[in-house]
Amino acid sequence: KLKAEGHAILFVTHFVDQVYAVSDRITVLRNGELVGEFETSRLPKVELISKLLGKALHDLESVATAKGEAASERAGEPVLRVQGLGKAGVLERFDLEIHAGEVLGLAGLLGSGRTELANLIFGIEKPDQGEVEVQGEKVRLNSPLRALQSGIGLCPEDRKSEGIIEDLSLRENIVLALQVKQGWFRNIPRARQEEIAERYIKLLDIRTPTAAQAIKNLSGGNQQKAIVARWLATQPSLLILDEPTRGIDVGAKAEIQKLILSLSEKGMAVLFISSELDEVLRCADRIAVLRDKAMVGKLSADQMDEQVIMRTIAQHTDKVEAEPR
């Protein structure tokens with residue numbers, strides 16, 4: 001109606017379908033830079049997805065993984081089973097299973113619902129429908145504390161505002177979740193705190209002069225490893241990693257990716273979220289694809305390919321389902 005009345009409209013959205021429903025031209029931005037301007041009628045959805053991700057479909061190369069033993073051989077019983085979980089206005093109902101020793105990747109564009117899915121599982125968002133089982137037992141994950149007590153850890157997307165406590169030391173940051181799990185009235189002795197901190201500083205190769213160093217003085221990569229250490233100290237059965245390599249250097253990214261594979265090989269279930277498709281493919285054993293706050297595909301190992309992921313994101317009704325385990 002506004003268009004018919006002669007108004008010019010600038011419409012900003014993450015949702016691809018909305019762009020095609022209302023626009024005449026599309027301006028694509030990526031990482032703060034202009035990618036290009038295109039006529040909507042002449043730009044196929046798959047090409048738009050390619051431009052948003054910075055990948056051309058015909059140029060995509062297969063990603064060599066560092067995974068050792070096949071996930072199907074090492075995966076154990078389901079650590080997490082979700083049926084019909086969702087919340088109105090946040091995320092449509094979805095089903096999901098993650099097995100011990102498995103890395104399940106979540107792929108999708110910004111705003112697709114990946115973080116919302118993680119928050120529903122971890123109790124940050126309270127679901128209004130669905131059931132959750134953790135290691136075969138039905139649980140209500142209606143708070144982060146309940147998730148923590150059920151053996152689930154979450155490394156959040158924004159390590160600065162949601163992860164580290166800047167004014168605390170590295171040691172205090174590492175033991176924080178374990179202290180919450182144990183209870184504030186059962187204080188972890190200082191000597192025990194130092195023992196735990198030193199163990200994970202060594203295990204994850206956190207570069208710091210001392211565990212007493214203020215965490216705000218560490219590099220982004222070392223801050224990220226400290227957050228991972230915080231959750232490993234609670235000995236979780238499921239670790240959720242939301243954009244764990246965002247904003248860190250290439251070397252630290254490689255270390256985090258190797259750590260993810262190492263954790264899965266030792267039997268931990270990992271839910272891995274990343275905006276970088278090659279990273280998801282490198283680390284994941286299976287992939288769930290989200291779009292517009294809904295799960296639109298599940299890809300088994302033999303289906304995992306950047307072209308398949310991008311087409312699954314681009315197509316509204318085409319759902320790729322993995323074979324039952």
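Q: Is Gln-149 buried, exposed or partly exposed, and why?
A: Buried means under 20% relative accessible area, exposed over 50%, and partly exposed in between, with a 1.4 Å probe and protein chains only. Gln-149 has 46% relative accessibility, so Gln-149 counts as partly exposed. The model is predicted: local features need pLDDT of at least 70, side-chain atom pairs count only at pLDDT 80 or more, and totals for chains, interfaces and linings use all residues. Residues are numbered from 1 along each chain as its sequence is written, and side-chain values use heavy atoms, leaving out hydrogens and water.

Q: In which helix is Gln-149 found?
A: Helices are DSSP runs of H or I with at least four residues, numbered from the N terminus. Gln-149 lies in helix H5, residues 144–149. Its C-alpha is 9.2 Å from that of Thr-234, 85 residues apart along the chain.

Q: What does Leu-176 touch?
A: Contact means heavy atoms within 4.5 Å. Leaving out residues up to four places away in sequence, Leu-176 touches Ile-165, Trp-184 and Arg-230. Leu-176 belongs to helix H7, residues 170–182, and counts as partly exposed because its relative accessibility is 22%.

Q: Which backbone atom does the side chain of Asn-222 reach?
A: A polar contact is a pair of N or O atoms within 3.5 Å; within protein, one must be able to donate a hydrogen and the other to accept it, and residues adjacent in sequence count only if both atoms are side-chain atoms. The Asn-222 side chain reaches the backbone nitrogen of Arg-207 at 2.8 Å. Asn-222, in helix H9, counts as buried because its relative accessibility is 8%.

Methods
Helix = DSSP H or I, 4+ residues; strand = E, 2+ residues; numbered from the N terminus.
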